[in-house]
Amino acid sequence: MKTRITPRRVTRWSLQGVGVIACICFFLLPAYWMMSTAIDPEAAFRGGNLLPSGFTLTHFHEVLGRAGFGRFMLNSLLVAGVTVLLSGLLALLAAVAVARFRFKARTSILVMILIAQMVPLEALVIPLFLQARSLHMLNSLLGLSVVYLAFSIPFAVWMLRGFVAAVPIEVEEAAYVDGASWWRMFWSVLFPLVAPGLVATSVFSFITAWNEFIFALTFLQDDSKFTVAIGLQRFFGQNTADWGPVMAASTLITIPVIIFFVAVQRNLVSGLSAGAVKG
Amino acid sequence: MATRQAERSRDVPGASPRRSRRWTGYHAAMRRRPWLLLAPALATLALLLVWPLGRVVWLSFQKYGLKELNKGTTNFIGFDNYAEIFGGSYLYTVVLPNTIGFAVVCVVLTVVLGTLIALFLNGLPPLWRYVTSTAIMVAWAVPAVTGTYVWAFIFEPSNGLATNLFDSLGLMEAGSVNWFLDRLSFYAIATLNVVHHSIPFVAVTVLAGLMTIPGELYEAAEIDGAGKWRQFWTITAPTLRPVFAVVTILSTIWDFKVFTQIWLMPGGGGTNPQVFNLGVWSYVQSFAQGKYGMGSAIAVVLTLVLMLVTIIYLRTLFKEDEQL
């Protein structure tokens, strides 16, 4: 089919084109500026040059070699991994309970989970810091990932609930007709069907733990235990910043997150809107 | 009410109401099951969320510093911490405007711009929509920590991108102004950072809502002679009311709690009291000055403000849809 070209259509197309370019430039600006500075040999003197002055990997060498940023990345990976596993398991069980069963306290539990997402971390960090200090767990990466459960579980329950509710009830009934017990049905029917949602939720929990700042800043005092979010501070002097390495390290932190985000884009949107909107 | 609940509980798969008496054991198991499934998550949250919140309230009535911490003693002073917070002018002239004013500006900008972008994306051909929304997702993905460093670099007083841009436009001389020292320009940069980071959530959620509205509604409106503006307010806005309620309240909650984006900006990490918001103030009092009691009291105030917002949130949600 051929679309007729009318003056009105042309105006519309060009307006859309301008809009698309404006959106892309505005939203990609920080990411572009970060990555192009990371490879610029003259990073600190870049000023207003839109293009980098050349290509070099020295900033990355410095970040991973002398500054030991690889260690921080491993620490973050460990913390985020443990958080994802624990919160995924606990939240999936809880999400099945609130999505599939009708019981008296159900609404109150849902309300509590909503309220839990509102609690400011600034209020939790003081008591949890004092507690961890008296338990001598301040420099423990495992302790940090347990603390992260406080905010990854409520979010994961809220999101997974939408995915569990989306599985038609007839599928479960068919399993019962075949004589399956509830747990059998859970592992062999419900679990595989919810798996995509679990992946999206896990990615989200991973990113939250990977990026978390305030608890890491407060809990970790030993250089060797730093996570990426606070490891970046190493490149800042009293009044100066070493912009090349800062941006190279930032790039290393950001790239995995961007890949994850774009990969789960579709699931993320359906999960968020199902959990948050349809109720 | 009780009978309605009882009827509902029969809808449980596998627990068919027509089963005979020898199934009561099974019924009891089905009644216990949700609690069994919830127990691990609820126990974790009680330990990591409820108990610490209780302790923060308890601490807020004490003068609790390193001395008390090391000795393990308590030192109750009643409402003195709160009296200090609400008695001085610092709260009203600096902290509250920095917290509430900033949150209101951010929420309005985020929701309005996010909605406009969603409407724009909805009108694009699929390929272009995909490309543009992927670019927007990248903005969402950039972590708050690294994003803040990049904006700090862009606005660096002597040699940043924005500095050079304004210099070449003749608006100012590079190196003559440090935006991070002045409270208003500090928060203008923070607003740009936060809004840039939170528009994607609004745009993507509203877009998902827009795509569920059948196109026939707009066609009918067009035949009736309604313009775009009219169509938005009579079709789009009412249909997406629940979506707007959710994104507005979630943005409000998030923007009240902003900490990282302030803390990591030059001067935001405790050196310039003019730019503190409630969260930063609480953190500085506790961890820079060792006044954990005072910090806790400020944190309680922040929590109460957020509680208020959340109650409004829940009321809107429940009005929309009685059954959660």
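The model is predicted, so local features need pLDDT of at least 70 and side-chain atom pairs count only at pLDDT 80 or more, while totals for chains, interfaces and linings use all residues. Residues are numbered from 1 along each chain as its sequence is written, chains are lettered from A and ligands numbered from 1 in the order in which they are written, and side-chain values use heavy atoms, with hydrogens and water left out.

Let's start with the rings. Over all chains there are 43 aromatic pairs, where rings of Phe, Tyr and Trp (its six-membered ring) pair if their centres lie within 6.5 Å; planes under 30 degrees apart are stacked, over 60 edge-to-face, and the rest tilted. One of them is W58(B) with F76(B), an edge-to-face pair at 5.9 Å centre to centre with 75° between the planes. This pair ties together distant parts of the chain, 18 residues apart: W58(B) belongs to helix α2 (residues 24-60) of chain B, and F76(B) to the loop between α3 (66-71) and α4 (80-87). Helices here are DSSP runs (H or I, at least four residues), numbered from the N terminus.

How open are these rings? W58(B) counts as partly exposed because its relative accessibility is 39%, and F76(B) gets that label at 47%; the cut-offs are under 20% relative accessible area for buried, over 50% for exposed, and partly exposed in between (1.4 Å probe, protein chains only). Another edge-to-face pair joins F232(B) and W233(B), at 5.0 Å centre to centre and 90° between the planes. Here F232(B) is buried at 16%, whereas W233(B) is partly exposed at 49%.

Over in chain A, F101(A), W182(A), W183(A), F186(A), W187(A) and F191(A) make up one aromatic cluster. The charged end of R46(A) is 3.7 Å from the centre of the W33(A) ring, and R161(A) lies over the face of W158(A) at 4.6 Å.

Now for the interface. Between the chains the rule finds zero salt bridges, meaning a side-chain nitrogen of Lys or Arg within 4 Å of a carboxyl oxygen of Asp or Glu.

Key: Helices (H or I, at least four residues) and strands (E, at least two) are DSSP runs, numbered from the N terminus. A charge sits over a ring if NZ of Lys or CZ of Arg is within 6 Å of the ring centre and within 35 degrees of the ring normal.
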